[in-house]
Amino acid sequence: MVRRPLGNHHLGHDTLLVTSDATRTGPAADTGNLERLVSGARFVLWDFDGPICRLFAGHRADLVAGDLVDWLERRGLRGLLTEDERESPDPHAVLRAVDRRHPRSDLVEELEERLTHEELRATASAMPTAYADPLIRTLTAVGVRLAVATNNSPRVVRTYLTGRGLLPCFTPHIYGRTRELGLLKPDPHTVVRALSALGAAPSDSLFIGDTPSDCEAARRAGVPFLGYARDERKAKLLRDAGAETLVDSFEPLLRLLRSPRRP
């Protein structure tokens, strides 16, 4: 077994990465920001793919993107995408590219439905993020209200959460991709929808995400942001996007919630 170094790791001057051993080994000041984020949150909004699960753990996203490109080419639409867009490993990038050229078209609607179908297939082999399930259940148990704000299809989110027995923790507050693809994050649309439906003030809320677009959507909605970075590459992207507090595990949050010092 490979053991990670213990303690907290600072990524630049303003970003704190709190590891799973942070509350045991790091100075109290190092976890203060994390504790403030958690203790002040009456509402917690989650991105889906990343913080809750790795949706494409067994059904690779780059292959899905390639299938979307192949489908366009079979329809004689190869020239619709640039070479970089055709090579993108992100199916959302392909979908967005087509929408920029043909917004709200039947072509975009059909392509989006094909992506939703692939996301639904991916739920069967999705990998739960470590500690996410117990954190969701613990937040619910202590009275925190939850929502999902994602660029994935809400049908996909409901399917996955149902399989994990977690849907009651979120229902009905699942806000995802619609036909208006211009409203995908980093646009704050799904975050604002969630806040409005929950009756939540941004200052009483927390958004947990793992991408720069999550960080930007939270900033534009005025919601405190906690970045989940499962590796150094993700951490650097989030740090460069302005995330101030990162975790590489949700275990420190569980410790804080279960602490007898918590009000």
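On a 1 Å grid over the protein atoms alone, a pocket is an open set of points with protein on both sides within 12 Å along at least five of seven lines, while a cavity is a set of points where a 1.4 Å probe fits but cannot get out; lining residues have an atom within 4 Å of a point. Grid points are joined across faces, edges and corners, and a volume is the space filled by probe spheres set on the points.

The model is predicted: local features need pLDDT of at least 70 and side-chain atom pairs count only at pLDDT 80 or more, whereas totals for chains, interfaces and linings use all residues. Residues are numbered from 1 along each chain as its sequence is written, and side-chain values use heavy atoms, with hydrogens and water left out.

**Pockets and cavity**

| Space | Volume | Lining by class |
|---|---|---|
| Largest pocket | about 850 Å³ | nine nonpolar, seven polar, 12 charged |
| Second largest pocket | about 200 Å³ | eight nonpolar, three polar, three charged |
| Largest cavity | about 60 Å³ | 10 nonpolar, no polar, no charged |

In these classes, Ala, Val, Leu, Ile, Met, Phe, Trp, Tyr, Cys and Pro count as nonpolar, Asp, Glu, Lys and Arg as charged, and the others, Gly among them, as polar.

The largest pocket has a volume of about 850 Å³. Its lining has 28 residues, and Asp49, Asp90, Asp210, Thr211 and Lys234 are the closest to its centre. Helix 5 (91–101), helix 11 (212–221) and helix 12 (232–240) are the elements that give two or more residues to this lining. Helices (H or I, at least four residues) and strands (E, at least two) are DSSP runs, numbered from the N terminus.

The second largest pocket is lined by 14 residues, with Pro224, Phe225, Gly242, Ala243 and Glu244 nearest its centre. Helix 2 (32–39) and helix 11 each give two or more residues to that lining, and helix 11 gives the most, with four.

The largest cavity is lined by residues including Val38, Leu135, Leu139, Leu253 and Leu257. Helix 7, strand 8 (205–209) and helix 13 each supply at least two of its lining residues.

**Helix 7 and helix 13**

The axes of helix 7 (residues 132–141) and helix 13 (residues 251–258) come within 10 Å and cross at roughly 25 degrees. Helix 7 is therefore roughly parallel to helix 13 (angles under 35 degrees count as roughly parallel). Axes are lines fitted to C-alpha atoms, for helices over the stretch in contact, and angles run from 0 to 180 degrees between N-to-C directions. Pro134, Leu135, Thr138 and Leu139 of helix 7 meet Leu253, Leu254, Leu257 and Arg258 of helix 13, where contact means heavy atoms within 4.5 Å.

Notes:
Parallel < 35°, antiparallel > 145°, perpendicular 65-115°, else oblique.
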